[in-house]
Structure formats: structure tokens, C-alpha cells
Amino acid sequence: MRTAARETVFKILFSEQFGTLADENFKAGMYRAGGLNADDVAYCNNIIGLVHTYFQELTSIIDKHSYSFPEVRLFPADRCILTVALSEILYCGDIPDKVAVNEAANIASKYSSEKSASFISGILASVIGDKNV
């Protein structure tokens, strides 16, 4: 399982919301702190790259599927969790959608508000429904 890697990606992306993009030294320190192996580090670098590359598209998708809550009004933690999960769902064919949703809900339960897990799961389910039509 990539739970520790996903949490590490979340932490790196969360930190970027309050400053500049994470440099390689910061990421390396986070990877060490998470006890990540080489495969996990490759996964992290891939997801971070996808989020950076497709950020505008991801935020548009969030806006489309969170009807009463535009992306700019989301809790920063929820925004990060959603961008990670959406990157997995849309651009990583080797990760089952259900796994991405479950992991996102677990991270939300740990790092965000009480209602965030169900909110995030609902948005992701809506995206998956559109994707599979």
C-alpha cells in the first residue's frame, strides 16, 4: 500500500500552498521522514508533477463537481487531498479509482475536518461517474 507515500505527497502539496514550490532537499527530507522506499519516491514525484502540470484542470474539475463550494473556498487540506486523488483517478491507470477514493477519505479523516471525508468522497464519486459515462 502507498498510504505513507500519499500522506507525504499531501504534506508536500499542503506546504506549497503557503509558500513556494518544495525544493528537492525539502522533498528528500519528507521522503526520509515518511520511511519511503524508491518505488514510493517515484510515485510521489509522479503525483507531485501531475498536480503541478494539471493544476488548473484539476481545480476546474473540483469547481464543476463541488456545486456550492468553489475550489477557492475549500479548506486547503481538502484541496490538496482532492488534487492528489484526482491525479490518480485521471492520469494513473494503475491505481483503481476505489483505492484513490478510499485513501483520500482516510487522509481527510486524519488531517481535515469532521465532514471532509464524505465531502471529498462525494466529489470524487461524481468525477468517476462522469469519467465512466
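Predicted model: local features only at pLDDT ≥ 70, side-chain atom pairs only at ≥ 80, totals over all residues.
Trainee: Hi! Which residues of α5 are buried?

Mentor: Asp97, Ala100, Val101, Glu103, Ala104, Ala105, Ile107 and Ala108 are buried there.

Trainee: And what covers them?

Mentor: The cover includes α1 (3–16), α4 (76–91) and α6 (116–131).

Trainee: What span should α5 have, and how far apart are its end C-alpha atoms?

Mentor: Helix α5 runs over residues 97–111, which makes 15 residues. At 1.5 Å a residue it should span 21 Å, and the end C-alpha atoms are 21 Å apart, so the two agree.

Trainee: Nice. Switching topic: how many cavities of 30 Å³ or more are there?

Mentor: There is one, and the largest cavity has a volume of about 60 Å³.

Trainee: Which residues line the largest cavity?

Mentor: Arg6, Phe10, Ile81, Val84, Ala85, Glu88, Ala100, Glu103, Ala104 and Ile107 do. The elements giving two or more residues to that lining are α1, α4 and α5.

Trainee: How many of the lining residues are nonpolar, polar or charged?

Mentor: Seven are nonpolar and three are charged, with no polar ones.

Trainee: What about aromatic pairs, how many does the structure hold?

Mentor: Four. In one of them, Phe14 and Phe18 sit edge-to-face, 5.1 Å centre to centre with 65° between the planes.

Trainee: Which rings are linked into a cluster?

Mentor: Ring pairs join Phe10, Phe14, Phe18 and Tyr111.

Trainee: Why does Phe14 count as partly exposed, and why does Phe18 count as exposed?

Mentor: Phe14 counts as partly exposed because its relative accessibility is 29%. Phe18 is at 57%, so it counts as exposed; the cut-off for exposed is over 50%.

Methods
Residues numbered from 1 in each chain as written. Heavy atoms only, no water. Helix = DSSP H or I, 4+ residues; strand = E, 2+ residues; numbered from the N terminus. Expected span 1.5 Å × (residues − 1). Buried < 20%, exposed > 50% of the residue type's maximum accessible area, 1.4 Å probe, protein only. Contact = heavy atoms within 4.5 Å. 1 Å grid on protein atoms, 1.4 Å probe; cavity = no way out; pocket = protein on both sides within 12 Å on 5 of 7 lines; lining within 4 Å. Points joined across faces, edges and corners; volume = space filled by probe spheres on them. Nonpolar A, V, L, I, M, F, W, Y, C, P; charged D, E, K, R; others polar. Phe/Tyr/Trp six-rings, centres within 6.5 Å; stacked < 30°, edge-to-face > 60°.
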